[in-house]
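I hope they are handy while you have the coordinates open.

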Amino acid sequence: MKRLVYAVLLIILALGAYILVDNRLKIAKYNFDANSTLGAVNITSFKDEYKILYFGYTFCPDICPSTFTILSSVIDEMGLNDRIKVLFVTLDLQRDSEKECDEFAKYFYPNSVCLKMTDDELKRVVRNYNARYEIVNLQNSAMDYSVAHSSSLYLFQKDGKFYKEISNLTKDEIRKEILGLTKN
C-alpha cells in the first residue's frame with residue numbers, strides 16, 4: 001500500500017512538473033524583447049489583458065490597414081476594447097520609429113502598442129512565430145522598398161501563453177477565435 005501511495009505521489013509530482021515546464025516553454029517560444037513608447041516590453045508586460053500580435057509596417061498600402069480595420073471592428077462589436085491589447089510588431093526597422101508606428105496602430109485601435117525590435121531579435125521572433133517577411137526593392141518608386149509579409153494574427157492569454165494563430169482573417173473567423181480566447 002505504501003508503494004502505491006508513493007507511486008501516485010510521484011506521478012502527481014511528475015505531471016505537475018511537466019505542466020509547469022510546458023507552460024513556461026510555451027511562453028518562452030513566443031516571448032520577445034522590444035522597445036515601445038512605454039519602454040522595454042515583452043509578452044508578459046500586459047498582464048491583465050488578452051493580447052493579439054500582428055506583424056506589419058506603417059507604409060503598408062493595403063494589408064495592414066485592412067487587417068487593423070477588421071480586427072478593430074470585431075473587438076469593438078464584442079465590447080472587448082478594454083480587455084484586448086493589440087501588439088503591432090513593425091517589420092520596417094529603417095522607416096518606422098516607435099512613436100510614428102504607435103500612432104499608426106492607435107489610429108485603427110486605441111488599445112494598441114507598436115513594438116520595435118533589433119534586427120536579430122525580429123528575425124528570431126519571426127522564425128519562432130513561423131511568420132515571413134522580405135524587403136522588396138522598388139526601382140523608380142518614391143518608397144524605395146516595400147515589405148512583403150505574412151498576415152496572421154497571434155492570440156495570447158492574459159498570462160502570455162500562446163493560444164492560437166488566425167490566418168483566415170474574415171470577421172467571422174476572428175470573432176470566433178477571440179470568443180474562444182476570452183472564454184479560457
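1. A word on naming before the tour: helices (H or I, at least four residues) and strands (E, at least two) are DSSP runs, numbered from the N terminus. Please keep in mind that this is a predicted model. Read from the N terminus, the order of elements is α-β-β-β-α-β-α-β-α-β-β-β-β-α, which comprises five helices and nine strands.

2. Now the overall picture. The chain has 184 residues, and 42% of them count as buried. Taking contacts between residues at least 6 apart in sequence, 67% join residues at least 24 apart.

3. Aromatic rings deserve a look of their own. How many aromatic pairs does the structure hold? The count is 16. One of them is formed by Tyr54 and Phe88, which are stacked, at 6.1 Å centre to centre and with 15 degrees between the planes. This pair links distant parts of the chain, since Tyr54 belongs to strand β3 (residues 50-56) and Phe88 to strand β4 (residues 84-90), 34 residues apart. Both Tyr54 and Phe88 are buried.

4. Phe88 has another partner to inspect. Phe68 and Phe88 make an edge-to-face pair, with 5.1 Å between the centres and 65 degrees between the planes. Here, too, distant parts of the chain are linked: Phe68 sits in helix α2 (residues 63-77) and Phe88 in strand β4, 20 residues apart.

5. Elsewhere, six aromatic side chains gather in one cluster: Tyr30, Phe55, Tyr129, Tyr154, Phe156 and Phe162.

6. Arg95 is worth a click if you like cation-over-ring geometry. Which rings does Arg95 lie over? One is Phe59, where Arg95 lies over the face at 4.3 Å from the ring centre. Another is Tyr145, whose ring has the charged end of Arg95 over it, 3.7 Å from the centre.

7. Next comes a helix pair. Helix α2 packs with helix α3 (residues 98-108) at an angle of about 45 degrees, and their axes are 8 Å apart. Angles under 35 degrees count as roughly parallel, and 65 to 115 as roughly perpendicular; α2 and α3 are therefore oblique to each other. On the α2 side, the contact involves Cys64, Pro65, Phe68, Thr69 and Ser72, which meet Phe104, Ala105 and Phe108 in α3. By class, this contact between α2 and α3 has six nonpolar and two polar residues, and no charged ones.

8. Finally, two backbone details to check. Most residues other than glycine have a negative phi. Asn130, however, has a positive phi, near 60 degrees, and is found in the loop between α4 (119-129) and β6 (133-137). Asn140 also has a positive phi near 60 degrees, in the loop between β6 and β7 (145-149). Why do both count as exposed? The cut-off for exposed is over 50% relative accessible area. Asn130 is exposed because its relative accessible area is 53%, and Asn140 counts as exposed because its relative accessibility is 84%.

How values were computed:
Residues are numbered from 1 along each chain as its sequence is written. This is a predicted model: local features need pLDDT of at least 70, side-chain atom pairs count only at pLDDT 80 or more; totals for chains, interfaces and linings use all residues. Side-chain values use heavy atoms; hydrogens and water are left out. Rings of Phe, Tyr and Trp (its six-membered ring) pair if their centres lie within 6.5 Å; planes under 30 degrees apart count as stacked, over 60 as edge-to-face and the rest as tilted. Buried means under 20% relative accessible area, exposed over 50%, partly exposed in between (1.4 Å probe, protein chains only). A charge sits over a ring if NZ of Lys or CZ of Arg is within 6 Å of the ring centre and within 35 degrees of the ring normal. Axes are lines fitted to C-alpha atoms, for helices over the stretch in contact, and angles run from 0 to 180 degrees between N-to-C directions. Angles under 35 degrees count as roughly parallel, over 145 as roughly antiparallel, 65 to 115 as roughly perpendicular and the rest as oblique. Contact means heavy atoms within 4.5 Å. Ala, Val, Leu, Ile, Met, Phe, Trp, Tyr, Cys and Pro count as nonpolar, Asp, Glu, Lys and Arg as charged, and the others, Gly among them, as polar.
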